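Here is a short briefing on one structure.

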Amino acid sequence: MTQVSTIVILAAGQGTRMKSKKAKVLHSFAGRTLLSHAIHTALEVEPERIVLVVRHQRDAVAEEAKIVYPDIIIADQDEVPGTGRAVWCALEKLKEIGEGQTGTLVVTSADVPLMESSTILSLAETREDEGSALCLLTTEIRNPFGYGRIQRVAGQVAGIIEERDATYAQKQIKEVNAGIYAFDAEFLATALPELSADNSQGEIYLTDTIKVARNQGRKVSSVLLADTAQAEGCNDRAQLAELRAEYNRRRTRYWMLQGVTIIDPTSTWIDADVTIGMDTTIYPNTQLRRNTVIGEDCRIGPDSTLIDVTVGDGAEVLRVHGISSSIGPRATIGPFTYLRPGTNLAEETKVGGFCETKNIEVGRGTKIPHLSYVGDATIGEGTNIGAATIFANYDGVHKHHSNVGSYCRTGADNVFIAPVNIGDGVYTGGGTIVRHDIPSGALAVNQFDMRIIPDWVVKHRPDTDAARAAQGEFKTTDTENSGTGGTEISGTTDTKTGQ
């Protein structure tokens, strides 16, 4: 197997066409930054070292790179522009820290998120097999505007003409430079000092190493990439969206080939680090983001967004927005449910419609059926939380935790004023406000006498329909005999129709 000694990732550019306050390579793409995609691809190649060349927003870019791969080597590009100078700075950094400059060195970019490690390995393998000074990746595209055109002599690569320097005839060439190279590292170290900035942009072009190789009588080889999308870069947000859609098409296809049913791939978005088990079905308008993990035999969606959520085997998640939560096997969640960070639900639990949870531990088989807020709480197994229950966990300054035991039955419209501790097997009545701990097996109720004040509406709301109804002014028509329905107000006139 081909061994790549060094991969150099170019990430020094500002990316002005993104119209953004942050560097282009820090923009999000399928749950990672563009830079993170480039580093992950490089790691798949298993090189001896990875060097990142930075300049614009240097500290932010370097920090992101270190998060993804702590051992990455950071090289700073100076004020001299151009890809040639960027790679030169990378080699100077390697020399400074005493790292080797032999073997095959690959140069890639941080803004080609669809690039695959197999393509990079093929490029490196071709260079080694042919003994060339460098091997460049090329592709043919219908509209090559903005790309360097490949010049060939007798079928061999003779040079690359950049868009700004190309003549009209040269701009008609469809084969373009993909911007990915494999070099003989020793050749590259001697070739870079021979480059100049004698061009319309005043930049040191890495592509000028082709001329150096040919002048030395060294071979320049190439690999034609059929999958053009791999070479496409993100220069603006429109291109970013187009590549994201293509990436998603590939990801959904990949998971379908792994045994996942995706009802509508065009409305299903799956990030790079998501994993999904066999025989799971994903319904339309579902987003699986960041490090979400879905088990086998699950039903996810429709209309669900899961961000860093773990879902156990056989769970059903319907119209749910979940963040940093864990859903146990065979649990049933939704519809219209909001799982906030720290929600941990055991197997066979249920969180029903219009519920919100946050920072909770829920035991096996416990149900929070509907219209409830449960925050900062631990609930045992087999408990049923009544409808419209609120865990009042915030006193205006601090959050407080409550505990509810196993096999409890709480009534509808309860309020638990945290912190309270509820024992096992407790029952509470409807409308109960729990302010104190309840021992196991007890019933807790709030007793309030109901007052009835006769004729209050007639006296205090005399001009309302309610008052007129109370006084019998409304009468119901006989719909069976008259064939019409509804009510009438006796002695009134419709001022709009006069009837």
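Buried means under 20% relative accessible area, exposed over 50%, and partly exposed in between (1.4 Å probe, protein chains only). By that scale R249, at 46% relative accessibility, counts as partly exposed. This is a predicted model: local features need pLDDT of at least 70, side-chain atom pairs count only at pLDDT 80 or more, and totals for chains, interfaces and linings use all residues. Residues are numbered from 1 along each chain as its sequence is written, and side-chain values use heavy atoms, with hydrogens and water left out.

**Nonpolar cores**

- A nonpolar core is a set of buried Ala, Val, Leu, Ile, Met, Phe, Trp, Tyr and Cys residues joined through side-chain atoms within 4.5 Å.
- The largest such core holds 41 residues. Those with the most contacts inside it are L288, I300, L306, V311, I327, I368 and I422.
- Strands β28 (356-362) and β30 (373-379) each supply at least two residues of this core. The largest share, three residues, comes from β30. Strands (E, at least two residues) and helices (H or I, at least four) are DSSP runs, numbered from the N terminus.
- Another core, of 37 residues, lies apart from the largest one. V4, A23, V54 and V223 are among its members.
- V311 touches V293, I294, G295, C298, I300, L306, V317 and I327, leaving aside residues up to four places away in sequence. Contact here means heavy atoms within 4.5 Å.

**Cysteines**

- The whole structure contains zero disulfides, a disulfide being a pair of cysteine sulfur atoms within 2.5 Å.
- C135 is buried, at 0% relative accessibility.
- C298 is buried too, with a relative accessible area of 1%.

**Annotated binding site**

- An unreviewed UniProt entry lists A387, N393, Y394 and G430 under "binding site". UniProt positions follow the numbering used here, feature names are shortened, and annotations may be inferred rather than shown by experiment.
- A387 sits in the loop between β30 and β31 (390-392). Leaving out residues up to four places away in sequence, A387 touches H370, S372, A412 and D413.
- G430 sits in the loop between β35 (427-428) and β36 (433-434). At 62% relative accessibility, G430 is exposed.
- With residues up to four places away in sequence not counted, G430 touches G411, A412 and N414.

**Salt bridges**

- A salt bridge is a side-chain nitrogen of Lys or Arg within 4 Å of a carboxyl oxygen of Asp or Glu. The count by this rule is 28.
- D273 and R32 pair through their side chains at 2.6 Å, N to O. D273 lies in the loop between β13 (269-270) and β14 (275-276) and R32 in strand β3 (residues 32-33), so the bridge ties together parts 241 residues apart in sequence. D273 is partly exposed at 26%, while R32 is buried at 15%.
- R149 and E163 also form a salt bridge, at 2.6 Å from N to O. R149 is in strand β8 (residues 149-153) and E163 in the loop between β9 (156-161) and β10 (175-184), so this pair ties together parts 14 residues apart in sequence. R149 is buried at 3%, and E163 is buried at 11%.
- R249 bridges to E246, with the closest N and O atoms 2.8 Å apart. Both lie in helix α7 (residues 237-257), three residues apart, about one turn of the helix.
- Salt bridges with shared partners join E116, D227, E246, R249 and R250 into one network.
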